Amino acid sequence: MTPGRPVPPPLGKPLVVGDETADTSPSKPAAAKGMPTLAAAYGATSAVSGLVPLTVARRVPKEDDVEIEIDFCGLCHSDVHATRGEWGVQNYPLIPGHEIVGRVRSVGSAVDDFAPGDLVGVGCLVDSCRECGSCLEGLEQYCERGNVGTYGVKDPRNGDAITQGGYSTSVVVDRRFVLRVPEGLDPAAAAPLLCAGITTYSPLRYFDVEDGDVVGVVGLGGLGHMAVKIAKAMGARVVVFTTSDAKFEAAIELGADEVILSKDPEAMEGANRSIDVIIDTVAAPHDLNPYFRALRLNGALFQLGLPPTDMPPVSPGALIRRRLSYAGSLIGGIAETQEMLEFCAEHGVVSDVEVVTARQLNEAYDRMVAGDVKYRFVLDTKTLQPASEKADI
């Protein structure tokens, strides 16, 4: 375990100003010819509308763009928060979805690293400033000027249009933010890798988890089950912490070596000084101090779950006495996400999914909120209605 392992080198798709094949000025988008493509979609028209059929006009591809025919799109819990207006004011209509897998339909004249028919993916990012220190290091998720998310935000390189996500039959994305999905991966089960997969892979990679390390996973939902699978593929011994007796068998089936009932004080005491890295995926307030006691010297706890209210106080003494780190981590950069996809293909790691139709989306949202999914929903975009003759967005 080596804390602070650097991210992989940038991909062969330059992210810096000076790329001679593209106009990188946000205020001067490159000219494009033709007409926008009308795509069928599902999205929200207000915070209380639920998900309804919509038609979205996808921009005319520019010379650096890739047009993708979407096959599957994962459903992330953040989609629920966004469409229901639970994360602040939203721009409606809003099409969610940032776990996109499909086939290249067409490419711009400057694109030479993708071709029609390629299996590709788009994750949580579709652009960044490409100039700041974070972007130049391949850490676009931490763009110092603000990255451009796949849905619900202004896209400065395209006239400040609001980005619209993957609950749709197609999307157009700059080649620098398109990922190559290995053909050996099941496309539906690979879709959640573009959010849940990279979110858990990145902190494990940052600490260079390897054979002999012990990784703790708090929570066994969409993120937690990916953390178990990826940590095991890295060679770690995996310990799952859960508040539910009912999840013991499921954790073992996923590959966990041990399961600890976190509400049992004796069981938690038995885990004292036994874990190198803990991945905390719980999105509800909970006491972290018992988990700090489970960490060894120089251990780290990564907070991935985002509770809606404040967490109980952390005892500084718990950190000081063992030189522990308490850190957060946000998805991953483009190069690291590509590395993750190749790692998952090599080790046969995909998400456990339930594929749903467009008409099941609202039910799936309610089931996500209730925790009734094992472990991720994925939309089959072939079940979307035909696009109308006029765009809603």
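Helices, taken as runs of at least four residues, and strands, taken as runs of at least two, are DSSP assignments numbered from the N terminus. In these terms, the predicted model places lysine 374 in the loop between α11 (361-369) and β19 (376-380).

The protein has an average pLDDT of 93, and 92% of its residues score at least 70. An exception in confidence is the segment comprising residues 12-31, over which pLDDT stays under 50. For this segment the model has 43 contacts beyond four places in sequence.

Eleven helices and 19 strands make up the secondary structure assigned to the protein. The radius of gyration is 21 Å, close to the 21 Å given by the globule rule for 393 residues, and the protein is therefore as compact as a globular protein of that length. The C-alpha trace spans about 65 × 45 × 40 Å along its principal axes. Of the 393 residues, 54% count as buried. Contacts between residues 24 or more positions apart represent 71% of those with a separation of 6 or more.

The accessible surface of the protein amounts to about 16400 Å², and carbon and sulfur atoms contribute 53% of that area. With regard to charge, the protein carries 35 positive and 53 negative charges, the mean positions of which lie 2 Å apart.

When residues up to four places away in sequence are left out of account, lysine 374 touches Ala250, Glu253 and Asp352. The C-alpha atoms of lysine 374 and glycine 222 are 7.6 Å apart in space, although 152 residues separate the two in sequence. Lysine 374 is also joined to tyrosine 375 by a cis peptide bond, with omega of about 5°. Tyrosine 375 is likewise situated in the loop between α11 and β19.

Most peptide bonds are trans, and most residues other than glycine have a negative phi. A further cis peptide bond is found between tyrosine 92 and proline 93, where omega is about -5°. Proline 93 belongs to the loop between α1 (77-83) and β4 (100-107).

Positive phi values occur at two residues that are not glycine, arginine 130 and isoleucine 331. For arginine 130, phi is about 70°. This residue is located in the loop between β6 (125-127) and α2 (133-136), and its relative accessibility of 2% means that arginine 130 counts as buried. For isoleucine 331, phi is about 30°. Isoleucine 331 lies in the loop between β17 (325-328) and α10 (334-347); its relative accessible area is 10%, so isoleucine 331 is buried.

Glycine 117 is located in the loop between β4 and β5 (119-122). Its relative accessibility is 38%, and glycine 117 therefore counts as partly exposed. Not counting residues up to four places away in sequence, glycine 117 touches Arg103 and Val104. Glycine 117 and serine 262, which are 145 residues apart in sequence, have a C-alpha to C-alpha separation of 47 Å in space.

Methods
Residues numbered from 1 in each chain as written. Predicted model: local features only at pLDDT ≥ 70, side-chain atom pairs only at ≥ 80, totals over all residues. Heavy atoms only, no water. pLDDT = per-residue confidence, 0-100. Contact = heavy atoms within 4.5 Å. Rg over C-alpha atoms; globule rule 2.2 N^0.38 Å. Buried < 20%, exposed > 50% of the residue type's maximum accessible area, 1.4 Å probe, protein only. Areas by Shrake-Rupley, 256 points an atom, 1.4 Å probe, with all protein chains shown as cover. Lys, Arg positive; Asp, Glu negative; His and termini not counted. Charge placed at Lys NZ, Arg CZ, Asp CG, Glu CD.
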